Amino acid sequence: QCTLWCPTGAITEKSNINEVVKALNDPTKFVIVQTAPATRVGLGEEFGLEAGTIVEGKQVAALKKIGFDAVVDTTYSADLTIMEEASEVAHRVLKEPNKLPQFTSCCPGWVKFCEYFGSDIMEHLSSCKSPQQMLGPLIKTYYAKHKNIHPKDIVSVSIMPCTAKKYECNRPEMNAAGIMLGDKNIRDVDYVLTTRELARLIKMNNIDLTTLEDTEYDSILGEGTGAGKIFGTTGGVMEAAVRTLYWLVTKQDPPEVLLDWQAVRGLAGVKEASANVPGVGEVKVAVCSGLKNARIIMERIRNHTAPWQFVEFMACPGGCIAGGGQPRTSLPPSDEVRTLRMQNLYKLDSKRSVKRLSHTNKEVQDLYDQFLEKPLSKKAEQLLHTHYTDRSYQLTIKNK
Ligand code: SF4
């Protein structure tokens, strides 16, 4: 096991390639894999392509060639996260302003940091799980039922740009499917491989990623909008969430400025912006990446000099495009590499043909119609939301 230095202890890297290969070789197992937004602009670098090259379809093709039974998209559950998180922020703005600002919770590095160093302001954290951990329990309940597969026979794998995601999937409370199905041995996500580990697996199988034909993700968890794709970069979650917040409150699509929200884009460690949402007024937001910046923002919340209603936090400077599991084209990722990866995620959100609003994702709409009913429903709370642990006492023990 290789343990990387991390201020929160969240980032430990243990390879799970052997366990995944074993599952792939077991004919009784249905092995399904999800891929995070940021890996599609990182993986190509391991195969000699220019930094940031989009290999979305080639990544799907490689995973199919390796033998995964289904390839689904974490971008789908990023859209779902937006449905839940924008509903939560709308509720807080209209009914519980004392719980503002709302903090995003999709970055496990940030969440653990907050559990250690921000336990006094932890009530600001959204209760939404990350997209990886939303998709996990849906695979073993909604998807399993739809495909008529026994949940026990499913092995659920994630490809992530992030070493902290390995820790996240092992948090004891990440067993919502097991609780719903009455089997505590069922985990929501079984194994996480980083982008670099996936590259190793592809090379072990003698596959040349660069020559593969683009392949589509599998239904019923394979559709992702541009809003879900920009989750992979700092500012992306905020931009996606405010687009849908606008629609939730006004029942109208957001204006052009929020579809190209420059104020929350770019590599700056702290960005501030505001959006006018009729019915709610001016929504002030901050976007923060890097834990040093998180400390500054947290201090402003504590001393009541924070004007924001919604704050996005990402542990890695630049967001998941520069996660600890991404290719080490440069270490730490240079501004040039981060910018190329970021620009190409925005390209995936700007193609004319692409949907750009999470609430227009047809497969997410089907999920609500057929299974969850509506955002923040009882079943959505059971499967898609979580709670946090005050870990500040552990710091006191260590310091004694
Ligand atoms: Fe993981 Fe970094 Fe992304 Fe957080 S910002 S989810 S630690 S890759």
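A residue counts as buried here if 20 or more other C-beta atoms lie within 10 Å of its own. Keep that in mind for what follows; the model is a predicted one.

I'll start with helix α10, residues 236-250. By that cut-off α10 is mostly covered, with 12 of its 15 residues buried. The buried ones are Gly236, Val237, Met238, Glu239, Ala240, Ala241, Val242, Arg243, Thr244, Leu245, Tyr246 and Leu248. So what covers them? The cover includes α3 (74-95), α9 (226-229) and α11 (256-259), along with the strands β8 (270-277), β9 (281-289) and β10 (310-314).

On geometry, α10 reaches 21 Å from its first C-alpha to its last, close to the 21 Å expected at 1.5 Å a residue. Just after the helix, Lys251 takes a positive phi of about 60 degrees.

Next, the core. The largest nonpolar core has 112 residues, and two residues of α10, Ala241 and Leu245, are among those that touch the most other members.

Leaving out residues up to four places away in sequence, Trp110 touches Ala294, Phe313, Met314 and Ala315. Of these, Met314 and Ala315 are also among the residues around the ligand.

Technical notes: Residues are numbered from 1 along each chain as its sequence is written. This is a predicted model: local features need pLDDT of at least 70, side-chain atom pairs count only at pLDDT 80 or more; totals for chains, interfaces and linings use all residues. Helices (H or I, at least four residues) and strands (E, at least two) are DSSP runs, numbered from the N terminus. The expected span of a helix is 1.5 Å times one less than its number of residues. Two residues are in contact if their C-beta atoms, placed from the backbone, lie within 7 Å. A nonpolar core is a set of buried Ala, Val, Leu, Ile, Met, Phe, Trp, Tyr and Cys residues joined through C-beta atoms within 7 Å. A residue is near a molecule or strand if its C-beta atom, placed from the backbone, lies within 6 Å of it.
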